[in-house]
Amino acid sequence: MSKANTVIAVQDETISHICWRLYGDSIGMVEKVMAANPNLCDLPPNLPAGTIVTLPEASSSKNKTNKVIPTVNLWD
């Protein structure tokens with residue numbers, strides 16, 4: 001995606017939902033979208049219909065090495 005991409009929010013959509021819908025994830029992307037759109041801080045969490053949101057480029061830094069990350073269970 002280029003930095004010039006935008007999306008128009010539907011009624012009561014959240015930034016998190018927009019990130020999930022367009023990037024496939026919201027972790028870390030909500031912060032990037034908010035940084036690219038400081039005017040969104042003045043709006044309620046459920047955006048009004050027609051709100052234009054600028055979309056920054058998604059970073060592809062998620063586990064680039066495809067390394068298996070071990071998990072720890074509380075009961076082990």
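Q: What makes Cys 41 count as buried or exposed?
A: In this predicted model, Cys 41 has a relative accessible area of 54%. The cut-off for exposed is over 50%, so Cys 41 is called exposed.

Q: What makes Cys 19 count as buried or exposed?
A: The relative accessible area of Cys 19 is 0%. Buried means under 20%, and therefore Cys 19 is classed as buried. Cys 19 also belongs to the largest nonpolar core.

Q: How many disulfides does a search of the whole structure find?
A: The search finds zero disulfides. A pair of cysteine sulfur atoms would have to lie within 2.5 Å to be counted.

Q: Which residues make up the largest nonpolar core, and why is the term "core" applied to them?
A: The core has 12 residues in all, among them Val 7, Ile 15, Cys 19, Tyr 23, Met 29, Leu 40 and Val 53. The name is used because such a set consists of buried residues of the listed nonpolar kinds, joined through side-chain atoms within 4.5 Å. Helices α1 (15-23) and α2 (29-36) each supply at least two residues of this core, and the largest share, four residues, comes from α1. In soluble globular proteins, nonpolar side chains tend to be buried together.

Q: Which residues does Ile 15 touch, not counting those up to four places away in sequence?
A: Ile 15 touches Val 30, Val 33, Met 34, Leu 40, Leu 47 and Val 53. Contact requires heavy atoms within 4.5 Å. Glu 31, by comparison, is 16 residues from Ile 15 in sequence and 9.4 Å from it in space, C-alpha to C-alpha.

Q: What makes Glu 31 count as buried or exposed?
A: Glu 31, which is found in helix α2, has a relative accessibility of 52%. This value is set against the cut-off of over 50%, so Glu 31 counts as exposed.

Q: Why is Asp 12 called partly exposed?
A: Its relative accessible area is 47%.

Q: How do you know whether Thr 51 is buried or exposed, and which residues is it in contact with?
A: Thr 51, in the loop between α2 and β2, has 11% relative accessibility; since buried means under 20%, Thr 51 counts as buried. Leaving aside neighbours within four places in sequence, Thr 51 is in contact with Val 7, Ile 8, Ala 9, Leu 40 and Leu 43. A polar atom of the Thr 51 side chain lies 2.7 Å from the backbone oxygen of Pro 48.

Q: In what order do the elements of the chain run from the N terminus?
A: The order is β-α-α-β, with two helices and two strands in the chain.

Q: What is the average confidence of the chain?
A: The chain averages a pLDDT of 83, and 79% of the residues score at least 70. Where pLDDT is low, the predicted coordinates should not be read in detail.

Note on methods
Residues numbered from 1 in each chain as written. Predicted model: local features only at pLDDT ≥ 70, side-chain atom pairs only at ≥ 80, totals over all residues. Heavy atoms only, no water. Buried < 20%, exposed > 50% of the residue type's maximum accessible area, 1.4 Å probe, protein only. pLDDT = per-residue confidence, 0-100. Polar contact = N/O pair within 3.5 Å; in protein donor to acceptor, adjacent residues only side chain to side chain.
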